[in-house]
Amino acid sequence: MNILDVIINRRSIRRYTGEPVSSETLNELLRAGMYAPSAVNKQPWHFIVVQKKEILLNMSKVHPYASMLPSAAAAIVVCGDENLANTPAYWPVDCAAATQNILLAAHGLGLGGVWLGVYPRSERISALEKLIELPPHIHPFSIVSLGYPAEKRTVPERFKPERIHYDHW
Ligand SMILES: Cc1cc2nc3c(=O)[nH]c(=O)nc-3n(C[C@H](O)[C@H](O)[C@H](O)COP(=O)(O)O)c2cc1C
C-alpha cells in the first residue's frame, strides 16, 4: 500500500473478528505513535496498552461512545505528560499526531481501529485517570480501539475544492 492509499482508505473500524493482535504488531503501532511530530520534539506521550477484557469492558462503561471496546483485541490509551510537554497547551496537539500515526499504521498492517475521544471531556478524563491509575501529571488524550476488521467501510469522497484557498481567503 502506498502512503496515500493508507491515508485515504483508512476508516474507523468498530467491529472486530476476535483474532488477537501479536505483541510484535502492537509494538509496531507504538513505534509509529512515537515517530509522530511533536512541538520542540518533546515527545510528551505515554501509551497504556490494554488487553485485559475486564479493563476494556470498564473503559466502555465510562465512555459514552466506546461500546466496541469489549470486542477489541486491544486498546491503546494515548496519554500526555504535562512535565515533558513544551508548554501545557501542546501535549494534546502532540498526542493527536501520535493517535493518527497509530491509526494509519494499524490500517497499513491490516488492522482496524477507531479514535475514541477523551480529551477535552473532563468526565471521561477523570473516569479514565481513576480506572487506569494515572499519576497526576499524566492525562489521557484518546483511546485507540484495535482489532482485525470484521466490517468493510466504503471510501467517501471528501475532497472539497471550495475549502481550498490560495494566497488569501
Ligand atoms: C477527536 C475524535 C474523537 C472521536 N471520538 C469517537 C468516539 O468517541 N467514538 C467513535 O466511535 N468514534 C469516534 N471518532 C471517530 C469519528 O467518528 C470518525 O473519525 C469520523 O466519523 C470519520 O470517519 P472515518 O474515521 O471512518 O474517516 C472520533 C474521531 C476523532 C478525530
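Start with helix H3 (residues 53-62) and helix H5 (residues 122-131), which pack at an angle of about 160° with their axes 10 Å apart. Before going on, note that this is a predicted model, where local features need pLDDT of at least 70 and side-chain atom pairs count only at pLDDT 80 or more, while totals for chains, interfaces and linings use all residues. Residues are numbered from 1 along each chain as its sequence is written.

A few conventions: helices (H or I, at least four residues) and strands (E, at least two) are DSSP runs numbered from the N terminus. Axes are lines fitted to C-alpha atoms, for helices over the stretch in contact, and angles run from 0 to 180 degrees between N-to-C directions.

H3 and H5 are therefore roughly antiparallel to each other; the classes are under 35 degrees for roughly parallel, over 145 for roughly antiparallel, 65 to 115 for roughly perpendicular, and oblique for the rest. Their crossing is right-handed, meaning that the near helix is turned clockwise from the far one by less than a right angle. On the H3 side you'll find Asn58, Met59 and Val62, meeting Arg124, Ala127, Leu128 and Leu131 of H5; contact here means C-beta atoms, placed from the backbone, within 7 Å. That set splits into 5 nonpolar, 1 polar and 1 charged, where Ala, Val, Leu, Ile, Met, Phe, Trp, Tyr, Cys and Pro count as nonpolar, Asp, Glu, Lys and Arg as charged, and the others, Gly among them, as polar.

H3 also lies across E1, E2 and E4, running at about 115° to E1. Those strands belong to an open sheet of 4 strands, ordered E1-E2-E4-E3 with antiparallel pairing; two strands pair if DSSP finds at least two bridges between them. Strand E1 (45-50) and strand E3 (112-117) sit at the edges with a single partner each, so one side of each has no neighbour in the sheet. On average, neighbouring strands are turned by 25° against each other, direction ignored. Inside the sheet, strand E2 (residues 74-81) and strand E4 (residues 138-147) are joined by 8 bridges, and glycine 80 has histidine 139 of E4 as its bridge partner.

Helix H2 (residues 23-34) packs on this sheet too, touching E1 and E2, with its direction at about 160° to that of E1. H2 has a helix partner as well: its axis and that of helix H4 (residues 91-108) come within 7 Å and cross at roughly 140°. That makes H2 oblique to H4, and the crossing is right-handed.

Most residues other than glycine have a negative phi, and most peptide bonds are trans. Valine 40, in the loop between H2 and E1, has a positive phi of about 55° although it is not a glycine.

How values were computed: Contact = placed C-beta atoms within 7 Å.
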